[in-house]
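User: I would like to go through the labels given to parts of this model and see what each one rests on. Please set the values against the cut-offs.

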Amino acid sequence: MSTTTTIGLDEALLAQVAESAPLVDANEVPAHAVLTPLADRGLLHTGLPEARDTARPSDDIRPAADLIAAIAEECVSSAFSVWAHRMALEYLARGDRSSRTAELFEDLVAARRVGATAMAAGLKSLAGIGDVDITASRTADGWLLNGPVAWASNLVAGSVFVAPARTDEGRTLVVWVESDAPGVTIRPVSGLLALDATASGSLRLQDAAVADDQVLSTDLAAFARDFRPSFLVLQSAFCVGLIRRSLAEATTALGRGDNPSLTGDVQELSDDVDEFLDTWHRLASDVASGSAREFLQLRLDASHLAGRATRLEATLAGGRGYLRTSGTSRRFREAAFLPVQSPSEGHLRWELATLPA
């Protein structure tokens, strides 16, 4: 795989991810298991400053994007877990610094703890299609949080999630919270069509205390403008891995039976994927250069192409792809998640409709 030489991801680890993919799909191996070998190779925080460095993150996030995409070619659940963990690192790197935040950053870099993102409500509120449900009440040295988080992943023992919380004065903070802190209750969800091993679920906060040094920002809008391009490019990365793998499988299957009749469909998809990848690489190389519309459209296009690629792979695979345990079936189910993942297709279309052409 061409990306392995540029991102430091060796073939042995990719083979390990591929071998464990059926077990992850069956929820017999947790999706976040991939974080430890990545940490051992120093890959989890590529492009980010060291914990106690005041430099801002690099605007070139191609190595991180290529890493997630390469893993997604073998297992989207594992890539999704890496994305959620990486976003927690992004938030810490882009937010206000404190000694506790630096210590947490180091723990996440080493995969001693697992990071999660719970920013969906914040992004919806900024788009005008929802509210931030968590409230923050001032205490002597911090805040008491109350309210729900509808959905988050990587909610394993000792994990840490980043979420927005609105104050009585109308500000919206961004804070990190330990998932096993007093007042935090995790409500796991199981039986998902795909990604069941991602430790997903909802959260309920009841007088959960966070200290002032757990506040990453007191201005959600400004903070989101800073991290959202990376958020959408890296989210598109596991779509990219899925697209590339399904397209490769479809191309390989063209020679079987009556499949040559679909050569034109495969070529059309391949041309569209090439055009999309050019845009994805351009935006990943400088996340400060693109417009909000470009990043939102990128994420929407990624989801659509993943759906097309996995359907075409299933068509060409025939009956063998219809087996639930087949890679074709797994990728088809993984792609079904993308239109509902936040930002959902409805959210993306809503925002794109509100932006100037």
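User: What makes F227 count as buried or exposed?

Analyst: This is a predicted model. The relative accessible area of F227 is 0%, and buried means under 20%, so F227 is buried. F227 sits in helix 8, and leaving aside residues up to four places away in sequence, F227 touches M87, Y91, R94, M119 and L123.

User: Which residues make the contact of helix 7 with helix 8, and how do they divide by class?

Analyst: From helix 7 come G122, L123, S125 and L126, which meet L220, A221, A224, F227, R228 and F231 of helix 8. Seven of the residues in this contact are nonpolar, two are polar and one is charged.

User: What makes the pairing of helix 8 with helix 9 parallel or antiparallel?

Analyst: Helix 8 and helix 9 (residues 263–285) pack at about 155 degrees, with 11 Å between their axes. Angles over 145 degrees count as roughly antiparallel, so helix 8 is roughly antiparallel to helix 9. Helix 8 passes helix 9 in a left-handed crossing.

User: Which residues of helix 8 and helix 9 meet, and what classes do they belong to?

Analyst: On the helix 8 side are V233, S236, A237, V240, I243, L247, A250 and T251, and these meet V266, L269, S270, V273, F276, L277, W280, L283 and A284 in helix 9. The contact has 14 nonpolar and three polar residues, and no charged ones.

User: Why is helix 4 described as largely enclosed by the rest of the structure?

Analyst: Helix 4 covers residues 62–72, and nine of its 11 residues are buried, so helix 4 is largely enclosed by the rest of the structure. The buried residues are A64, A65, D66, L67, I68, A69, A70, I71 and A72.

User: How do you know whether T101 is buried or exposed, and what does T101 touch?

Analyst: T101 has a relative accessible area of 2%, against a limit of under 20% for buried, so T101 is buried. T101 belongs to helix 6 (residues 99–109). Not counting residues up to four places away in sequence, T101 touches L92, D96, W176, D213 and L216.

User: What makes the pair T101 and W176 a polar contact?

Analyst: The side chains of T101 and W176 are joined at 3.2 Å, and a polar contact needs N or O atoms within 3.5 Å.

User: Where is A111, and is A111 buried or exposed?

Analyst: A111 is in the loop between helix 6 and strand 1 (115–117). Its relative accessibility is 17%, so A111 counts as buried, the cut-off being under 20%. A111 also has a positive phi of about 60 degrees, although A111 is not a glycine.

User: Why is A199 called partly exposed?

Analyst: A199 has 23% relative accessibility. Partly exposed lies between the 20% limit for buried and the 50% limit for exposed, so A199 counts as partly exposed. A199 is in the loop between strand 6 (184–188) and strand 7 (201–211), and its phi is positive, near 50 degrees.

Definitions and conventions: Residues are numbered from 1 along each chain as its sequence is written. This is a predicted model: local features need pLDDT of at least 70, side-chain atom pairs count only at pLDDT 80 or more; totals for chains, interfaces and linings use all residues. Side-chain values use heavy atoms; hydrogens and water are left out. Contact means heavy atoms within 4.5 Å. Helices (H or I, at least four residues) and strands (E, at least two) are DSSP runs, numbered from the N terminus. Ala, Val, Leu, Ile, Met, Phe, Trp, Tyr, Cys and Pro count as nonpolar, Asp, Glu, Lys and Arg as charged, and the others, Gly among them, as polar. Buried means under 20% relative accessible area, exposed over 50%, partly exposed in between (1.4 Å probe, protein chains only). A polar contact is a pair of N or O atoms within 3.5 Å; within protein, one must be able to donate a hydrogen and the other to accept it, and residues adjacent in sequence count only if both atoms are side-chain atoms. Axes are lines fitted to C-alpha atoms, for helices over the stretch in contact, and angles run from 0 to 180 degrees between N-to-C directions. Angles under 35 degrees count as roughly parallel, over 145 as roughly antiparallel, 65 to 115 as roughly perpendicular and the rest as oblique. A crossing is left-handed if the near helix is turned anticlockwise from the far one by less than a right angle, and right-handed if clockwise.
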